[in-house]
Amino acid sequence: MAALGGTESPGVVAAPGSHISPLLTAETPQALERGRGGRRSRRSVPAALSPAVSVVFPGAVSRESCCRFACELLKHVLHQRHQLPLPYEQLAYFCRRATQDGDVIKKPPSVGLASKKCQQVLVELEGVFQHLEVMFSLTLVPRVLILLGGNAVSPKELYELNLEGICVGSAEKSLKTTSCVRKLFHSLFIADVFSELKALPITGTVVMLQGHRNCGVEWFWPKLNYKVPTRGRKLTINLSCDGDIDISASAPRIMTSAWEDYIWFQAPVTLKGFHE
């Protein structure tokens, strides 16, 4: 059973019997502003900028599902943070339809320019999704980062998908991907982590993820000395597995020392959003 351990130390293995409610674990802003006696507490303020959502799956999860989590979260963040004018699937549908109708209906230059931007973003996103699939097939991926604004070292917003608590199993004996994706986004909906955020202007998005240093991936850039930024707004999504897990159907457990061979990789493209 490959349990991708705790958040602080990659070598810590999540306890199989632990129960974590899929709720937003950060305190409310009102609580954070008040210390003892009604005074403002500076120490608790960073927690308001770093909320966390925990989701527990009732069984093992396949690598394909883990990859789907990363791809769907990227789509969701880009739309929720106003980098895409529509949800990804709708955008892809309308863009394909516009391309098919382009030879029949003459459109204003502004519409044609928007269509070109849309096509470029979709092509870049499809490329990222395809290379993520390759990466997840080559190595366990304990963490994924989606960095908005600024750069990889100092982003304005950071979204972390923590897969260290996932028990990776074979596709045949793992939970269905669709049900897991549904549970993940139900938890995000209940936590309501995007509603109170101010609109973000069009900016660049960088994708980073951890993998084994010798996994053989070619497209992603290795970043040996990269450290996760501590400034800016951060949302952490912690995924783990619980329940009756068939150990024989899961991948072998990774030894603590092996986590030292996992490094950060960066996608070589910066995804640029657009408005209609």
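Pro-142 sits in the loop between helix H5 (109-138) and strand S3 (143-148). The model is predicted.

**Pro-142**
- Pro-142 has 1% relative accessibility, so it counts as buried; the cut-off for buried is under 20%.
- Pro-142 and Trp-259 are 117 residues apart along the chain. Their C-alpha atoms are separated by 9.6 Å.

**Aromatic pairs**
- The structure holds six aromatic pairs. Two of them are described here, Tyr-159 with Phe-194 and Tyr-226 with Trp-264.
- Two values describe a pair of aromatic rings: the distance of the centres and the angle of the planes.
- Tyr-159 and Phe-194 are stacked, at 5.9 Å centre to centre and 25 degrees between the planes.
- Tyr-159 belongs to strand S4 (residues 157-165), and Phe-194 to the loop between helix H6 (177-191) and strand S6 (204-212). The pair therefore ties together parts that are 35 residues apart in sequence.
- Both Tyr-159 and Phe-194 are buried.
- Tyr-226 and Trp-264 have ring centres 5.9 Å apart and planes at 75 degrees, so this pair is edge-to-face. The cut-off for edge-to-face is over 60 degrees.
- Tyr-226 lies in the loop between strand S7 (221-223) and strand S8 (233-241), while Trp-264 lies in strand S9 (residues 262-266). This pair therefore ties together parts that are 38 residues apart in sequence.
- Tyr-226 counts as buried at 13% relative accessibility. Trp-264 counts as buried at 6%.

**A charge over a ring**
- Lys-75 lies over the face of Phe-129. The distance from the ring centre is 5.3 Å.

**Helix H6**
- H6 has 15 residues, which at 1.5 Å a residue should span 21 Å. Its end C-alpha atoms are 21 Å apart, so the model agrees.
- The buried residues of H6 are Cys-180, Val-181, Leu-184, Ser-187, Leu-188 and Ala-191.
- Exposed Arg-182 and Phe-189 are on the face of H6 turned away from its buried side.

Conventions:
Residues numbered from 1 in each chain as written. Predicted model: local features only at pLDDT ≥ 70, side-chain atom pairs only at ≥ 80, totals over all residues. Heavy atoms only, no water. Phe/Tyr/Trp six-rings, centres within 6.5 Å; stacked < 30°, edge-to-face > 60°. Helix = DSSP H or I, 4+ residues; strand = E, 2+ residues; numbered from the N terminus. Buried < 20%, exposed > 50% of the residue type's maximum accessible area, 1.4 Å probe, protein only. Lys NZ or Arg CZ within 6 Å of the ring centre and 35° of its normal. Expected span 1.5 Å × (residues − 1).
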